[in-house]
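Please open the model in your viewer and keep the selection panel at hand. The tour below moves from one selection to the next and says what is found at each stop.

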Amino acid sequence: MTAALDVQNLTTRFATRGDAVTAVNDVSFSVEKGRILGLVGESGSGKSVTGFSIMGLIDAPGNISAGRVLVDGVDLRSLNDEGMRKMRGNKVAMVFQDPMMTLNPVLRIGDQMAMAVRVHRKLSKTDALEQARQALEAVGIPSPGERLQAYPHQLSGGMRQRVAIAMALLHSPSVIIADEATTALDVSIQGQILAEVRDLADQMGTAIVWISHDLAVVSSLADDICVMYAGRIVERGSAQQVIEHPRHPYTQGLLDSIPARHTPGTPLPQIPGSTPQLSRLPQGCPFRPRCPRASDACTVTPPEDTKDNQTVLCHHPLERS
Amino acid sequence: MTDPILKIENVSKRFTRMPGLAERLVGKVLGGGKPVTVHALTDVSLSVMQGEVLGIVGESGCGKSTLGRVVSGIYAPSDGRVTLYDKPIARAQGGNVDKLTTQVQMIHQDPFASLNPRMKVGETLSEGPRYHKIIPARNVQQRMRELLEKVGLEGAYADRLPHQFSGGQRQRVAIARALAMEPEVLVLDEAVASLDVSIQAQVLNLFMELRRDLGLTALFISHDLSVVRHVCDRVAIMYLGRLVELAPADELYLEPKHPYTSALFASVPTVGTGKRRFEAIKGEIPSPINPPSGCAFHPRCPLAGQRCSVEAPQLSDAGTNRTVACHLNDGGVGKPLRAAA
């Protein structure tokens, strides 16, 4: 069975005045039908750029310099602009953090959704509106028929994000990429949307890449997790493996710094320093200056180390005790 | 912990927007065009003990930030009063800042917005103390260096500009600026919300360290329940401008008594792989312009009864040092509004 999304050795670079910055560095992962992959990292780790690269939304001065992105076996990078337009929104769709990046503020919800339907399919406006209504229903929007008449500003933040997700669903795409899609929402609304997303994957077989900085959200939603640091995937495995037995010292450090895991009032274990600038990465392993396990060996780029399908990029991975 | 030093007594805050000329003209013909009032805070009473960290938790629109601003003297309350050592905190107006107001210092969410990008960090830190003559002029340089070191930065950083710092470092500067005024009370409004997890841990550690060393009293406003549990002694839960539950942190997390508190805890994702269901609170947060009748939570509450839609519950005792505003704790809710799910 071919994976719904297969990303191979994806590399995206941005040319700056002095030199080129590699925002996504040799990233590979695949997501099968009906599964959710959590892509976790701190700001500047390259998780969003990975999402944009998959969608082919990288503009100058950036460019995708290497790698393949296969959606249902079709290599998106081999397509021309016209071919890519046919895939975008149709086979692979994206949900952004801010729903107003997706929604046009001066169009009624129904009009813009019908437009999105008719871009890819020859349908009457009435049929397209019906499609839109069904999509709104699928993400749990009450009285979806009336909502079609509303303008985005008449909806709450949570409702707008649901509409954005509904738009991504219009063509039952094989792959949905969600970039911090619930970060701006309140926890009670986030809980509702996460439940809908899980159902989507389970019932419609959509493969979902869930990009987030929030380990708690990712761990409770995703089947598999990739942890990114300075443009690379440093750890990849099932959610259970990565959360319960992290092998990369960075993953361990991230998990340790979550307050809920410690007795209230006690000092939290912290990762020293801050995330490095991509233009000034240390030689070898980029985590080396902050890593408690670093040695001289770490000045050389670490090799991939796989054990029970859990892969880390580290010279000194943690072993199960 | 001894006596309360900060008292918030029956504070309400309303924001009223007057209609514009056009709206009034249209209103004359079609009706409407009346002033719109947002009830940001309704009858909130709290007291904070010396050396205590009180957490204020709630979702957007619950009034937690408004409360922080009223306490800091940025907003004047519409009703009620806030006192520090039994003296009312007055709102700062023009150049006349009451000495008392400077005793409450606020730390904001976004350290990229709260620091003046054109001012050297040393100037930012010393501006307040100089103006209010808190530190003798000849000691200012020395004091700024000490402050920077206290928050884990180097004294020499006083000559740098904000853009030379990372987010975590800027938040340290913001903390140093608040401490420079030698405040009695700190108000932290989502102070770690914009930081990455690894940096958040560093700043929380700093806060706990400072608290221990300086005996800080603080209001810690946050939407993040796990952060609040880690640093707070007591926690107040707010919903739509009202206080719904107040309890010592460990007891609250062990056994929440208000249905909203329970629902909020249930919807927070935790790190772990066992839980696969999200226990969502149904429905949306209502608008504070038009709050529901009776208990503001009743349209979303799984346990609501007929009494809840009519009568607003008052805070009542629910064990030692605990209060909750719910009819379940106060004679029952009457006939259930909805069938048990």
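Begin in chain B, just after helix α3(B), by selecting Lys133(B), which takes a positive phi of about 50°; bear in mind here and at every later stop that the model is predicted. Then extend the selection back over the helix itself, residues 121-131 of chain B, where Val121(B), Gly122(B), Thr124(B), Leu125(B), Ser126(B) and Pro129(B) are buried.

Next, colour chain B by domain, using an assignment that gives domain 1 as 4-239 and domain 2 as 259-270 + 278-341. The centres of the two domains of chain B, taken over C-alpha atoms, are 29 Å apart, and their contact takes eleven residues from domain 1 and 13 residues from domain 2. Between them, domain 1 and domain 2 of chain B bury about 1,200 Å², with 71% of that area on carbon and sulfur atoms. On the domain 1 side, select Glu59(B), Leu225(B) and Tyr239(B), which lose the most area to domain 2 of chain B and together account for 51% of what that side buries. Zero salt bridges are counted between these two domains of chain B, while three residue pairs are in polar contact across their interface. Strands β2 (36-49) and β9 (234-239) of chain B each supply at least two residues of the domain 1 side that touches domain 2, and the largest share, four residues, comes from β2(B). Sorted by class, that side of domain 1 of chain B has seven nonpolar, three polar and one charged residues.

Now show both chains and select the contact between them, which takes 48 residues from chain A and 36 residues from chain B. The area buried between chain A and chain B is about 3,300 Å², of which 55% is given by carbon and sulfur atoms. In chain A, Asp186(A), Val187(A) and Ser220(A) lose the most area to chain B, although together they make up 17% of what that side buries. Between chain A and chain B the count is zero salt bridges, against 13 residue pairs in polar contact. To follow the chain A side by element, select α7 (187-204), α8 (215-221), α9 (239-244) and α10 (249-256) of chain A, each of which supplies at least two residues, with α7(A) giving the largest share, nine residues.

Asp223(A) counts as buried at 15% relative accessibility, as does Arg198(A) at 8%.

Move on to Lys86(A) and Glu82(A), whose salt bridge has its closest N and O atoms 3.9 Å apart. These residues are four apart in helix α2 (residues 81-87) of chain A and are therefore separated by about one helical turn. Lys86(A) is exposed, with a relative accessible area of 51%, whereas Glu82(A), at 39%, counts as partly exposed.

Finish in chain B with Glu23(B) and Arg17(B), which form a salt bridge with closest N and O atoms 3.3 Å apart.

Definitions and conventions:
Residues numbered from 1 in each chain as written. Chains lettered and ligands numbered in written order. Predicted model: local features only at pLDDT ≥ 70, side-chain atom pairs only at ≥ 80, totals over all residues. Heavy atoms only, no water. Domains from an automatic or database assignment. Contact = heavy atoms within 4.5 Å. Buried area = accessible area lost by both parts, 1.4 Å probe. Salt bridge = Lys/Arg side-chain N within 4 Å of Asp/Glu carboxyl O. Polar contact = N/O pair within 3.5 Å; in protein donor to acceptor, adjacent residues only side chain to side chain. Nonpolar A, V, L, I, M, F, W, Y, C, P; charged D, E, K, R; others polar. Buried < 20%, exposed > 50% of the residue type's maximum accessible area, 1.4 Å probe, protein only.
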